[in-house]
Amino acid sequence: MNGIQLGARFSIATNRLRFCGPEEAEPLLYRAIVDGHDLEAAGESLLQFEALEPYLRAIAEKSDLSPLDREVAEAYWIGNDLLDGFTRDDFHRILERLRERGLPRGLERRLADHLPKQPIPHHMFHVAYVGVGHVTGHVDTTLDNMNRCRPSWARVARVDTSRLQVEGPELGREGDRLVIAGARARAVGFDPRFLPGVKAGDWVAMHWDWPAMLLAPEDLARLQEYTRRSLDAANEGLASLRVL
């Protein structure tokens, strides 16, 4: 799986919902995922996703890679060591680019003034600190939407023709802190061409109730670790903002 295909797996759900990205992106992303076709066009579409491109660009620039490299997409959606060492100054530039894509200027300034010591350019940090829907205005910033938008993990309990029974932890609150709380079982739709051979016991990454990819043990461990780090950083910044 290359970086375009990995990014497409997470981005296709929000495009289908018309939350982010160009309207014509979905068929390009789908063909890139299942057939490896239209990769160049799919990559161009991904770089038009309003709340995605600033992060890919920042991770790529800091690591001297292309925004569509596998390691860059993996860093943002799953987590890897490309995220380590980002500073407040680095994240100020991300916020500036998010403002150019639609983040309100006043909110950009408030977020910039209260950044934690080590902000993390991972999608979990974006969801928890910058906020769901604050760039495009297409989604309400609620705890339920934050939980659906974060890249999460769930274990497959049963596989049906076009649905998976999965169980995974939820995003919740303990006092003023965002935390990963108890597990919840649910049924979600899936495309067998996305997850060939998926079976009970497998772990899948979820985004907006869509099983985006199978998680190998090392992927699961990194997603859990960078989710924890992102929440710690976000809680530090939110405590300063006093918005919880």
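Predicted model: local features only at pLDDT ≥ 70, side-chain atom pairs only at ≥ 80, totals over all residues.
With 244 residues, a compact globule would have a radius of gyration near 18 Å, and the protein agrees with this because its own value is 17 Å. That radius is taken over C-alpha atoms, and the globule rule is 2.2 Å times the number of residues to the power 0.38.

Residues are numbered from 1 along each chain as its sequence is written, and side-chain values use heavy atoms, with hydrogens and water left out.

Colour by secondary structure next. The protein has 10 helices and five strands; these are DSSP runs numbered from the N terminus, helices being H or I with at least four residues and strands E with at least two.

**Stop one: H1 and H2**

Select residues 3–16, helix H1, and residues 25–34, helix H2. Their axes come within 9 Å and cross at roughly 145 degrees. Axes here are lines fitted to C-alpha atoms, for helices over the stretch in contact, and angles run from 0 to 180 degrees between N-to-C directions. Now show side chains. On H1 the residues that meet H2 include Gln5, Ala8 and Ile12; on H2 the partners include Leu29, Tyr30 and Ile33. Contact means heavy atoms within 4.5 Å. The residues of this contact divide into seven nonpolar, three polar and three charged. In this count Ala, Val, Leu, Ile, Met, Phe, Trp, Tyr, Cys and Pro are nonpolar, Asp, Glu, Lys and Arg are charged, and the others, Gly among them, are polar.

**Stop two: the cavities**

How many cavities of 30 Å³ or more does a search of the whole structure find? The search finds three. On a 1 Å grid over the protein atoms alone, a cavity is a set of points where a 1.4 Å probe fits but cannot get out; a pocket is an open set with protein on both sides within 12 Å along at least five of seven lines; lining residues have an atom within 4 Å of a point. Grid points are joined across faces, edges and corners, and a volume is the space filled by probe spheres set on the points.

The largest cavity has a volume of about 250 Å³. Select Thr14, Cys20, Ala51, His123 and Cys149, the closest to its centre of the 21 lining residues. H8 (123–131) is among the elements that give two or more residues to this lining, and H8 gives the largest share, three residues. The lining has 12 nonpolar, nine polar and no charged residues.

Move to the second largest cavity, of about 90 Å³. Of its 14 lining residues, Asn147, Arg148, Ser152, Arg186 and Asp209 are the closest to the centre. Strand S2 (163–174) is one of the elements giving two or more residues, and its three residues are the largest share. By class, this lining has four nonpolar, four polar and six charged residues.

Select Gln118, Pro119, Ile120, Arg229 and Ala233, which lie nearest the centre of the second largest pocket among its 13 lining residues. The volume of this pocket is about 200 Å³.

Finish at Ala112, in helix H7 (residues 105–113). Beyond its neighbours within four places in sequence, Ala112 is in contact with His92 and Leu95.
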